[in-house]
Amino acid sequence: MQRKGVSSSMSFEEEEEDEDENSSSSSQLNSNTRPSSATSRKSIREAASAPSPPAPEPSVDVEVQDLEEFVLRPAPQGITIKCRITRDKKGMDRGMYPTYFLHLDREDGKKVFLLAGRKRKKSKTSNYLISVDPTDLSRGGDSYIGKLRSNLMGTKFTVYDNGVNPQKASSPLESGTLRQELAAVCYETNVLGFKGPRKMSVIVPGMTMVHERVCIRPRNEHETLLSRWQNKNTETIIELQNKTPVWNDDTQSYVLNFHGRVTQASVKNFQIIHGNDPDYIVMQFGRVAEDVFTMDYNYPLCALQAFAIALSSFDSKLACE
């Protein structure tokens, strides 16, 4: 089977860390111009007759006053939140356990810190702690705001807030203290071992008609986002997927249009869309330097959801390569 290269989205000519750095980020795909209120199925139907929010205005700077509140708040409708992720591999063990920092990109060129994440050591599965303090990535710290955890295969990930795990509770708890599931990511396994564009599904809680996130606090495995999605119980969830790259005969590669926000080919690059409106980019992520990546997100995602989804792309998934 012939191996194919990828431009601006994913490269299969070399290993992940040695991708072609001279790839173009252009393609024939439509731009991110159409707004969408990505909600649960019921809300999508009800919102169909409502006035559409204005087209995204990337030039608008968003103020961050309360950091913890900001990273959990869905992006304002009609505004693209532009961010940047830097990967720090320096230090004795950061080659294996790098730290990732998320900053808000402002129009004046200044960066505003939002989140930091790092893979935990001695965990049976991939487990990333996420904090609102770049100097405190401890599980018991006051700045701990959430985590990303994978299954044993590294193909399914769940994003939690900092609530209590119901299985580890020593006494009955008020429902408000149980942890929320904020997102789930499922990478399609590639049993043949063919290196091609990754296929991923992203499941997030639905949105109410007043644009607030539905609170999902599972007490058992049957109530989780992944279980609801797998059982087709989609009443209170939103199913998103990555946009399929288009094969370009001129460059002999798969391409996605990142509109200049992504400049280097990588198997990690992706765009997330809703099936009802494939031109509305809910989130996009891609490489611009060896350890620098852009991450832009729109409604209904919040910064914590988008950052954790991006972290899942960094993780090694042997069954998906």
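Colleague: How many residues of strand β3 are buried?

Modeller: Seven of the seven residues in β3, which spans residues 99–105, are buried, where buried means under 20% relative accessible area, exposed means over 50% and partly exposed lies in between, using a 1.4 Å probe and protein chains only. Strands here are DSSP runs of E with at least two residues and helices are runs of H or I with at least four, numbered from the N terminus. This is a predicted model, in which local features need pLDDT of at least 70 and side-chain atom pairs count only at pLDDT 80 or more, while totals for chains, interfaces and linings use all residues. Residues are numbered from 1 along each chain as its sequence is written, and side-chain values use heavy atoms, with hydrogens and water left out.

Colleague: Which residues sit on each side of β3?

Modeller: One side holds Thr-99, Phe-101, His-103 and Asp-105, the other holds Tyr-100, Leu-102 and Leu-104, and all of them are buried.

Colleague: And which strands does β3 pair with?

Modeller: With β2 (residues 81–88) it pairs in the antiparallel sense over six bridges, and Arg-87 stands opposite Tyr-100 there. With β4 (residues 111–119) β3 is joined by seven bridges, also antiparallel, and Leu-104 stands opposite Val-112; two strands count as paired if DSSP finds at least two bridges between them.

Colleague: What lies between β3 and β4?

Modeller: The two strands form a hairpin with five residues between them, and Gly-109 in the turn has a positive phi of about 90°.

Colleague: Switching topic, what is the phi of Lys-232, and is that residue buried or exposed?

Modeller: Phi of Lys-232 is near 60°, a positive value in a residue other than glycine. Lys-232 is found in the loop between α3 (225–230) and β10 (237–242), and it is exposed, with a relative accessible area of 69%.

Colleague: Which residues touch the most other members of the largest nonpolar core?

Modeller: Of its 51 residues, those are Ile-85, Leu-115, Met-283, Met-295 and Tyr-297, and the largest share of this core, nine residues, comes from α4. A nonpolar core is a set of buried Ala, Val, Leu, Ile, Met, Phe, Trp, Tyr and Cys residues joined through side-chain atoms within 4.5 Å.
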